[in-house]
Amino acid sequence: MSIDPKALLAELIRVALKSVAPEHSDAPILLERPRQAGHGDFATNIAMQLARTLKRNPRELAGLLRAELPPSKWVEKVEVAGAGFINFTFAPAVKTAVVLDALAQGTDWGRGAPRGVKVQVEFVSANPTGPLHVGHGRGAAYGASLADVLAFAGFEVSREYYINDAGRQMDILALSTWLRYLARFGIEVELPPNAYQGEYVVEMAQELRNAHGDRFAHVAAADVLDGVPALPPAERSDDKEAKAQREQHLDVLIANAKRLLGEDYQWVHGFALNEQLGDVRDDLQEFGVRFDKWFSERSLFDTGLVERTVSWLEHAGHIYVQNGAKWFRSTTFGDEKDRVVQRDNGIYTYFASDIAYHLNKYERGFGRMIDIWGADHHGYAPRVKGAVEALGLDPALLDVALVQFAVLYRNGQKTSMSTRAGEFVTLRELRNEVGKDACRFFYVLRKSDQHLDFDLDLAKSRSNENPVYYVQYAHARTCSALRKWGDEPAGLAEADTSVLSSGHELGLCTRLAAFPEVIQTAADDYAPHQIAFYLKELAADFHSWYNAERMLVDDETVKLARLALAGAIRQTLANGLTLLGVSAPESM
C-alpha cells in the first residue's frame, strides 16, 4: 500500500496538537528529512515553533506532543531529540512502497502536479556577433536544466532567447565583415582594434564573396576612410580619451559603410546576423538546448513599443531631459545613478529596448519571469526592476539568476584550449574535447552564482572520481542486472518489496522517496545543482549495495524484490539525468 508519508505525519501531529494546544491545532507543520539517517525519516520543529507562545520548554512540549500522537502501523518509532525536535522513523513497509511507485510512474516518477503558473525562462541571449564561448555554455546548461526542472515540477514553462539584433554591436559585426570582404578585392582598410577580430569574421567575408561576388566592393579605400579620425597610439590603450577616440573612429567607419552601401548595407548586416545566429542555433541544438521562442529586439522598434515605453515613463514623471538626452530616474528605485534611455541624437539606448522587452513579457501574461544573466550584470538587475516598478508592474514577478564564469583547467593549470579562437574558448571546442554529457553535468555541479573550476582531465576520465561517469555507470549497472534477469520490467510490478530489509536496501528506498521533494526544492530554489548532488548520492548508495549484495539470488521473492529496487533506481537516475540534459547509457 502506497501512502503519502508527509500527509500521514502531519495528520498525526495535528491530532496531538488538538490535545496539547487546541488553539494552535491549525499551526503550519514543517517536516524535513534529517541529514543523519540515525535521526529517523522525518523530523518536525513544531514544539520549538510554539514553545515561546505557549511559554513552555520546547523539549518538554515535544514530549507532551509525542505522548499524544495516535498510534499508527506505519510509524515504527518516535523520539524527542536535541532542543525539541520530534523524529519519526517509518515502518519498513512505508519505505519500500516507493519502489513500486517509481516503477509504475516510469518517466513521470518525481513529476509534480500542475501548478497553473506560466513561467518564462530567458537565457543565453548572447549577442549574435560570434561563436558561443564557455561562459555562454554554463548559462545555457543552467537555463536549459532549470527550465526542464520547472516544467517537471508542474510549471508551464516557455524558454526564450532574446536576440540583440538592433544595436551597435551588430553594426560593428557588419562593418568587420565588410572590411574583411573588401580586403579580398585588394581594398585595404585597417580593421579597428575594437572591431571583431576572430577568424570566423574572415570566414564570413569569404562566404559573402562566394554568395555575392563583388556586389559590395565597388568602393575605394579612401571613400571608406573619408572623415575617419586617426586612431590614437597603441601605447595609450588604457587612456580614457584614447578609448573615446577609438569609439569615434569606429562610429564614423560604420556611418561611411551605411552611406556607401546604401540599401545594400542591410544585406551585409542581415548576412552577418543570419550567419552568426544560425551558428548559435546549431551550437545550442548540439548541446541539447532548445528554445520555444527566439525574440527579436528589432521587433520592439518595428512595433513602436520602445518609443511607447519611454513615452509612458515620461508621462508618469520618471523621465527628465538633460543636454538633449532623456534620462530615466533610476535612483528613485535604488540604482546608483540615473540612466540614459534616449541619446541627444534621438537613438534609444539598449536599456530603453530592454525596458520595452520586459514590458512585453508582462503583457504576455507570465506569472513569473526568470532572467538568467552573467554575473557581470549584477548591477543591471536593480535598474531593470526599477523600470518595471515605474511602469506600474509588480517587480516581484521578475527574478534574476546570475551565472558565474567557468575557468578551464588541464593538469591543474588554467588553460586556453584554442589559439584559433583568440581570447576565448568556444563552447563547441569544449564540447568536442570532453563531450556533451560531461559539459552539461559539470556545468551544473555547483550553484550557478558560484565560481566554477572545470577540470578537463577529470571530465574525460572513466573513473569513479568523474561524477558524470559515476552516475551513468550506476544506470548502466542497473540495466545490466535487469538484462541478466532477462524478463520484461513489467514483470516486477508484482514484486513483494516487503522483503527488502537490509540497511543498504532501506537506505536506498529512503533515498528514492526523496526524489520528488528534490525536484520541487530544485524548482523553487532555481537550483538544478541539487539534482546533480542527489544523483551522485543515489549512485553512491547503489554502488555500495551492488558491491555488497547479490541481486540474482536463488530465492525468487528476494530476487524479484531486489530487481524491482534496481529498476526503480534505474528509472530515478534516468529521470534525473534527463532533466540535466545528460544521457543515461544502458551499457558502458
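The structure, a predicted model, holds one cavity of 30 Å³ or more. The space in this largest cavity comes to about 30 Å³. Its lining is made up of Y142, Y443, V444, R446, K447, S448, Y526, A527, P528 and H529. By residue class, six of the lining residues are nonpolar, two are polar and two are charged.

Y142 of the cavity lining falls in helix α5, which spans residues 134-152. The axes of α5 and α20 approach to within 9 Å and cross at roughly 125 degrees. At that angle α5 is therefore oblique to α20. The crossing in which α5 passes α20 is left-handed. Y443, also in the cavity lining, belongs to helix α16, which covers residues 436-443. Helix α16 packs against helix α18 (residues 467-485) at an angle of about 110 degrees, and their axes lie 9 Å apart. The two helices, α16 and α18, are therefore roughly perpendicular to each other. Here the crossing, with α16 passing α18, is right-handed.

Helix α18 also packs against α21, at an angle of about 50 degrees and with the axes 9 Å apart. The angle makes α18 oblique to α21. The crossing of α18 and α21 is left-handed. Helix α21 spans residues 529-548, and H529 is one of the residues that line the largest cavity.

The second largest pocket contains about 1,400 Å³ of space. Its lining comprises 36 residues, and those nearest the pocket centre are R33, P34, R35, Q36 and R511. Two or more lining residues come from each of the strands β1, β2, β3 and β4 and from each of the helices α19 (503-513), α20 (515-524) and α21 (529-548). R511, one of the residues nearest the centre, lies within the span of α19. The lining of this pocket divides into twelve nonpolar, 13 polar and eleven charged residues.

The four strands that contribute to the pocket lining form an open sheet in the order β1-β2-β4-β3, with antiparallel pairing. Strands β1 (31-32) and β3 (75-81) are the edge strands, each pairing on one side only. Within the sheet, strand β2 (residues 42-44) is paired with strand β4 (residues 85-90) in the antiparallel sense, over three bridges. In this pair, A43 stands opposite N87 of β4. Pairing between strands of a sheet is through backbone hydrogen bonds and may be parallel or antiparallel.

A further open sheet consists of three strands in the order β14-β13-β15, and its pairing is mixed. Its edge strands, β14 (413-414) and β15 (452-455), each pair on one side only. Strand β13 (residues 406-410) runs parallel to β15, to which it is joined by four bridges. A406 has L452 as its bridge partner in β15.

Strand β8 (residues 319-322) is joined to strand β9 (residues 325-328) by four bridges, and the two run antiparallel. Y320 stands opposite W327 in β9. The hairpin of β8 and β9 has two residues between the strands, and N323 takes a positive phi near 55 degrees there. Strand β9 pairs in turn with strand β10 (residues 339-342), in the antiparallel sense and over three bridges. In this second pairing, F328 stands opposite R339 of β10.

Terms used. Residues are numbered from 1 along each chain as its sequence is written. This is a predicted model: local features need pLDDT of at least 70, side-chain atom pairs count only at pLDDT 80 or more; totals for chains, interfaces and linings use all residues. Side-chain values use heavy atoms; hydrogens and water are left out. On a 1 Å grid over the protein atoms alone, a cavity is a set of points where a 1.4 Å probe fits but cannot get out, and a pocket is an open set with protein on both sides within 12 Å along at least five of seven lines; lining residues have an atom within 4 Å of a point. Grid points are joined across faces, edges and corners, and a volume is the space filled by probe spheres set on the points. Ala, Val, Leu, Ile, Met, Phe, Trp, Tyr, Cys and Pro count as nonpolar, Asp, Glu, Lys and Arg as charged, and the others, Gly among them, as polar. Two strands pair if DSSP finds at least two bridges between them. Axes are lines fitted to C-alpha atoms, for helices over the stretch in contact, and angles run from 0 to 180 degrees between N-to-C directions. Angles under 35 degrees count as roughly parallel, over 145 as roughly antiparallel, 65 to 115 as roughly perpendicular and the rest as oblique. A crossing is left-handed if the near helix is turned anticlockwise from the far one by less than a right angle, and right-handed if clockwise.
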